[in-house]
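Thanks for coming. I will walk through one model this morning, chain by chain and then sheet by sheet.

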Amino acid sequence: MSVDVTMPRATAPAILPGSGGMRGALSDLFWRRPQLLLLLMLLPPVLWLGIVYIGSLFALLAQSFFSIDEYSGLINRQFTLKTYGDLLQAANLDIILRTVTMAALVTLASAVVAFPIAYYAARYARGRWKALFYLGVMLPLWSSYLVKIYAWKLILAKEGILTWLFAKLHLLWLLDGWLSLPVVGGNSLSVSFTGTFIVFVYVWLPFMILPVQAALERVPGNLVEASSDLGASPGQTFRNVLFPLALPGIVAGSIFTFSLTLGDYIIPQIIGTSRLFIGQAVYSQQGTAGNIPLAAAFTVVPIVIMGFYLWGAKRMGAFDAL
Amino acid sequence: MTSAVSFQKVSRHFGSVRAVDAVDLDIAQGEFFAMLGPSGSGKTTCLRLIAGFEQPTSGSISIFGERAEGVPPYRRNVNTVFQDYALFPHLNVLDNVAYGLMVKGVGKAERHKAAEEALSLVRLPGYGARRPGQLSGGQRQRVALARALVNQPKVLLLDEPLGALDLKLRENMQEELKSLQKALGITFVFVTHDQGEALSMADRVAVFNDGRIMQIGTPEDIYQRPRTRFVADFVGSSNVLPPDFVQRYSGQHRWGSLRPESIRVSRAASGEGVAARLVSTNYLGATTRLALDADGLKLHAVVPAGTALPAEGEAVMLTFNREHLHLMDEPA
């Protein structure tokens, strides 16, 4: 049995058709020298990153080694560690400790809240529910940051909806009890560290959910089954399989929540007490006080802390499963 | 003796899909049992029902006489070798193998010793420090096997464990699995779509189609005496003969099956036999497979390599021993 498979001679393509002019010659050149194309594509972003971004960061770092003349208010452009000496004053250390504690608590709470949501999205949500998940997580990011914070100020105010809700549930004693505690308490939630904490968690939560969800998405479902098959209870499966494999995602998310909290100056200014966070200190030092070297030194603090944080995370094996 | 695994009228429906439909099954202790069928036939769902990943929609499952419905996978003394091995990527080979003992609270030194022994059993001693990503497919398969065996399961479930291996490795592993099963005396339940694998390894084979078991029997039973057209065709792709054809040779108006290797092909243009035309020849190495057309009935014959063959398109005469013509239960 033979089938006629010969094509009409006229339509048969040439074996090596010529290139199509300038554009063709250019694409042939890039095909032969892929490094050239790579160089052309990378040059603009590398210039941006190297000069504009890293460069200005180094300019900032350099500022922190200058000092301010206390009488004239002029900046003395000579290398000195005096500014760092100022940074280590008790009042400033207090600000640093307060900010780091807040950032750590916000990160921890974000991880705890984000994990079940991310787990649901990665494991169970399909089709329309998945779209709804992304919408639900991203939607708050589309509206103005300031509007959201002021909305929270109303929610947390003494006459706000939260107080009303507690009253309706006959749980006002619980709220009052909490507010009467030292440090975390205050006149109302909107002027307490608890309020600052709640709003921080709310605002940064999407930045934790998305990387954790991405990490969980990459965990094959049969690993959970295998763990269960080998006798691990759901809790053991979480500890021994899911958590270690989601850890890179949690660390990635915590880099966002931790560093964003370290640097933010708007949330604690609108919601919380009058005690300062690093961001506010930077703002007031370079603005009202005009002490740019000290502001720069304050800025170095989050960078150093994040450096240590990442180093510690790497040592703990957070990136092993990548 | 109680059965290792027993299904009574077990069904598992996913919405309107009857993945497993009223299956009755008894797997004896120490048996090497194969579940054979095309994809979507319900064999893997049956395995998952034994493992506990699925719960039956109706019917009852017992494992060593104990009712298993509602018992989660982690409370069953049954272990699975997964199709794509499902090794934990963040643990090294030794910790992968020791995982089952670790979650049971066995101390580190003891469980590592047991894991090392299990690795020797699958002929991978000293591989403990490696990561699963550094192993070849065949080695991962052995690690998955060791990880299951270290728990000393009552029943070992294997979900197409050899599917991803190349031919040579697969043949080696078939022999090894078979001898391992004999040595350990554990009940093996093996899911495969490869009929050769099922026939060569299993003590008994269940042939699945559309969520039902078509036939359960020894490999000889299944191969020589298929009960339905499906079994005849799926296991060894037998020639399924229509009742009218069968009646001429056996006197009975029933469906029949004739193995390709039972057909002799000769060039004689006349004489006793079935007149046919050779459509094509397909060289398979040890054998050659012939596609034949006997007056509209498509047949296959397998002849040893080296046999002198007529040219494609030529008229041939087919003969076969009438004893080899097997009549099937299926009504005409």
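Before anything else, a word on how elements are named: helices are DSSP runs of H or I of at least four residues, strands are runs of E of at least two, and both are numbered from the N terminus. Keep in mind as well that this is a predicted model.

Arg123(B) sits between helix H3 (108-121) and helix H4 (137-149) of chain B. Its phi is positive, about 60°, although Arg123(B) is not a glycine. For background, most residues other than glycine have a negative phi. Is Arg123(B) buried or exposed? Arg123(B) is exposed, because 11 other C-beta atoms lie within 10 Å, and the cut-off for exposed is 12 or fewer.

There is a second case in chain B. Ala86(B) has a phi near 50°, again a positive value in a residue other than glycine. Ala86(B) belongs to the loop that runs between strand S6 (78-81) and helix H2 (93-103) of chain B.

Now chain B as a whole. Its secondary structure comes to 9 helices and 18 strands. The C-alpha atoms of chain B fill a box of roughly 80 × 45 × 35 Å along the principal axes. Chain B has 332 residues, and 42% of them count as buried. If we take contacts in chain B between residues at least 6 apart in sequence, 62% join residues at least 24 apart.

On to the sheets of chain B. One is an open sheet of 6 strands, with mixed pairing, in the order S6-S7-S8-S3-S9-S10. Which strands stand at its edges? They are S6 and strand S10 (212-217) of chain B; each has a single partner strand, so one side of each is left without a neighbour in the sheet. From one strand to the next, the twist averages 20°. Helix H4(B) packs on this sheet and touches S6 and S7 of chain B, and its direction makes about 175° with that of S6(B).

Inside that sheet, strand S7 (residues 155-159) and strand S8 (residues 187-192) of chain B pair in the parallel sense, over 5 bridges. One pair to look at is Val155(B), whose bridge partner in S8(B) is Thr187(B).

The other sheet I want to show is also open, with 5 strands of chain B in the order S13-S17-S14-S15-S16, and its pairing is antiparallel. Strand S13 (264-266) and strand S16 (297-304) of chain B are at the edges; each has a single partner strand, so one side of each lacks a neighbour in the sheet. On average, neighbouring strands here are turned by 45° against each other, direction ignored. S13(B) and strand S17 (residues 315-319) of chain B run antiparallel and are joined by 3 bridges. In S17(B), Thr319(B) stands opposite Arg264(B).

Next, the core. The largest nonpolar core has 155 residues, and those with the most contacts inside it are Val212(A), Ile50(B), Val97(B), Val189(B), Phe190(B) and Val207(B). Helix H9 (residues 193-217) of chain A gives the most to this core, namely 16 residues. To pick out Phe190(B): beyond its neighbours within four places in sequence, Phe190(B) is in contact with Phe32(B), Phe33(B), Ala34(B), Leu158(B), Met201(B) and Ala202(B).

Last, where the chains meet. How many residues does the contact take from chain A and from chain B? It takes 18 from chain A and 18 from chain B. On the chain A side, the elements that give two or more residues are helix H10 (221-229) and helix H11 (234-263) of chain A. H10(A) provides the largest share of that side, 6 residues. By class, the side of chain A that touches chain B has 9 nonpolar, 6 polar and 3 charged residues.

That is the tour; I will take questions.

Methods: Residues numbered from 1 in each chain as written. Chains lettered and ligands numbered in written order. Predicted model: local features only at pLDDT ≥ 70, side-chain atom pairs only at ≥ 80, totals over all residues. Buried ≥ 20, exposed ≤ 12 C-beta atoms within 10 Å, placed from the backbone. Core = buried A, V, L, I, M, F, W, Y, C linked by C-beta atoms within 7 Å. Contact = placed C-beta atoms within 7 Å. Nonpolar A, V, L, I, M, F, W, Y, C, P; charged D, E, K, R; others polar. Pairing = 2+ DSSP bridges. Axes fitted to C-alpha atoms, helices over the stretch in contact; angles between N-to-C directions.
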